[in-house]
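Here are a few exercises to work through with the structure open beside you. Try each task before reading its solution.

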Amino acid sequence: MPMHIGEKEFSSRVNKGLEDDFMRGAVRSAQGRLQTNRAKAADELGDWEEWRYLGQEIRQHTMENLDFYLKQLSEKVAERGGHVYFAETAEDANNYVKQVINKKNAKKVAKSKSMVTEEIALNDALEEQGCEVVETDLGEYILQIDDHDPPSHIVAPALHKNKEQIRDVFKDKLGYTNTEKPEELTLFAREQLRKEFLAADVGITGCNFAVAESGSFALVTNEGNARMVSTLPKTQITVMGMERIVPTWEELDVMVSLLTRAAVGQKLTSYVTALTGPKDETEVDGPEEFHLVIVDNGRSKILGTEFQEALHCIRCAACINVCPVYRHVGGHAYGSIYPGPIGAVLTPLLGGYEDYKELPYASSLCGACTEVCPVKIPLHEQLILHRKKIVEDEKKSGFGENVAMSGFGIMAGSSRLFNTATRMAPYLVTPYAKDNAISKGPGPVKPWTDIRDLPVPQKERFRDWFKSRKTGG
Amino acid sequence: MKVSLFITCIGDIFYVNAGKASVELLERFGCEVDFPVTQTCCGQPAYNSGYHEKTKAAAINMINSFEHAEYVVCPSGSCAYMFHEYESLFKGDSKWEEKAGKLKQKTFELTQFLTEILGVEDTGAEFHGKATYHSSCHMTRLLGVTEAPFKLLRNVKGLELIDLPNRHDCCGFGGTFAVKMSSISEQMVDEKIEHVEETKANFLIGADGGCLMNIGGRIQRNEKSIKVMHIAEVLNSRGEA
């Protein structure tokens, strides 16, 4: 399972997260900062809600006509002399990239940030055949140096580390001697990376948005590394999820505005790089050879289902940055390179319920994710849909819960049974009640009372009071 | 004006005083309050857990119970919103979808009803104390009731209302989430209580029984002195705090 990270059991991953005070401190402060910046950048536009509607419409239109736009995109890329490969699976995609690299006899690959290559575990595949892969996004670079620590966030992959930890990684692995000041750390990384850009035989980039009308690719960064990766090496490979596409430059404008504001609270990032195929005779810069790998890896199975909106995601991480569950457990607890609310929706779709059936339950359904999503994906509703599927179609909900919910359903559906049960309740819990509270509850009540008291059901229920009040005058 | 009270299962069994206060408040503003005795639970625990088929009997019972109501008023934003969900529960079943649509149109959360329908902003309440208010997620984000509780609370004589830091964060209740993911829920509720303590308030006011049961239960477990109250009790109070 390429996109899987960490231990197998969901509960062990959660416990590990909850016990990691450093991580939780780092996540908490990053979330606070990102939330404030996002809100400010959204307000600045003045009509953020209308932008969201527009974003939603663009994504919906594109998904409904995805076959058309993918065809247009690949034709345009081919017209410009690029090579296009449709990869049905992660393995297909990796094999194609390996083949290109073998043909070029490449020893070193420089990569800019890409979630889809994490999803298909491209680095592992290339390293297996003896190719050196260098991540050039600062966050990814830190993680790679730190013995391939997996990303915990889709925009800020090293969000779980604080600056002291980063200093220690650089010190232990690269002999860094300066302080934990971000400026010094960044300068050091920049010096290391500059050599790598120049030495790389092949550059691999992800893709924020492909523009179908011109066969172009937009990459959004604050470090400029994507520009280096896509201009210095002689061969360039761009890997994209098949849904990462906009019809024209006009829609790109809207989507980039939504992305940078929602992701990092910026009007625009420092660099927005747009690439169109290999360089032609009139151009000085750019790669001599260009390959586009379009990855399906389960996406086409989502099209046309009740989960299609999950494909609208533009990977801004706004939902992750507001999620209280993510704040406490951290990204690694999700067991997937896609964490947080969007990860809880997307991961089971791409990786299956067998490995990820707990994820849709890792949410209190507070709706904070749905509220901030710049393309209006109803994330918490998608989580309920997953639960419905797990319960009603897959029948994976567990015997105890199923019995309890059947009992609940019957009781709540019958006023007579409900009336009897609620009248009996105070008497049934008498052995457990003390000072009008239950602190050690039996059976199904136990997980509740493990951490909090439960009020005692009242002998005079509201309905009894209302009735006596009426009859009493 | 005739109002049918949807008391919620939590309100019927645990928070009886909040229900009494709701009735008295509504009557004070000229409503004739009716309590359809066949009402049970809205079915939200099953619905949100994915048991949609098993939710239908509860939903049908509730739709029938309130079929003849002029207005349905509920002292819980989350349960009121569940009535709004029935339409999608019965999607494709035209008979019940239509009935669900009608129920949705006439269902209101208590503070929403007081401000939007009755036009009340001052309930004439008097409550002496320092308090903060917990905005519950479903009421604000899903039902869209954000300002009504504040409008009403600001006019309570003697009440010092302090802003709750990070007030849009979930308290960690989330229905079955509180028991299914109790270790995460515990961290969320503790964080909420930390923020409540930062305000130095003596009272935590809320408009949703579920959240109050969660935050209040944790406060009680950790033997803290903050008192948890339903907003109806505060708005109906006459200075006896």
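**Exercise 1.** Which residues of E10(A) are buried on one side, and which on the other?

*Solution.* A word on the model before we start: it is predicted, so local features need pLDDT of at least 70 and side-chain atom pairs count only at pLDDT 80 or more, while totals for chains, interfaces and linings use all residues. Residues are numbered from 1 along each chain as its sequence is written, chains are lettered from A in the order in which they are written, and side-chain values use heavy atoms, with hydrogens and water left out.

Step 1. Find strand E10, residues 289-295 of chain A (strands are DSSP runs of E, at least two residues, and helices are runs of H or I, at least four, both numbered from the N terminus).

Step 2. Recall that side chains in a regular strand alternate between the two faces of the sheet.

Step 3. Sort the residues: A:Glu289, A:His291, A:Val293 and A:Val295 are buried on one side, and A:Phe290, A:Leu292 and A:Ile294 on the other. Buried means under 20% relative accessible area, exposed over 50%, and partly exposed in between (1.4 Å probe, protein chains only).

Step 4. Seven of the seven residues are buried, so the strand is largely enclosed by the rest of the structure.

**Exercise 2.** Describe the salt bridge between A:Arg469 and B:Glu27.

*Solution.* Step 1. Apply the rule: a side-chain nitrogen of Lys or Arg lies within 4 Å of a carboxyl oxygen of Asp or Glu. Here the N to O distance is 2.5 Å.

Step 1. A:Arg469 lies in helix H23 (residues 462-472) of chain A and B:Glu27 in helix H2 (residues 16-28) of chain B, so the pair joins two chains.

Step 2. Check accessibility: A:Arg469 is partly exposed at 29%, and B:Glu27 is partly exposed at 32%.

Step 3. Look across the interface of chain B and chain A, where the rule finds ten salt bridges. Another example is A:Arg463 with B:Asp12, whose closest N and O atoms are 2.6 Å apart.
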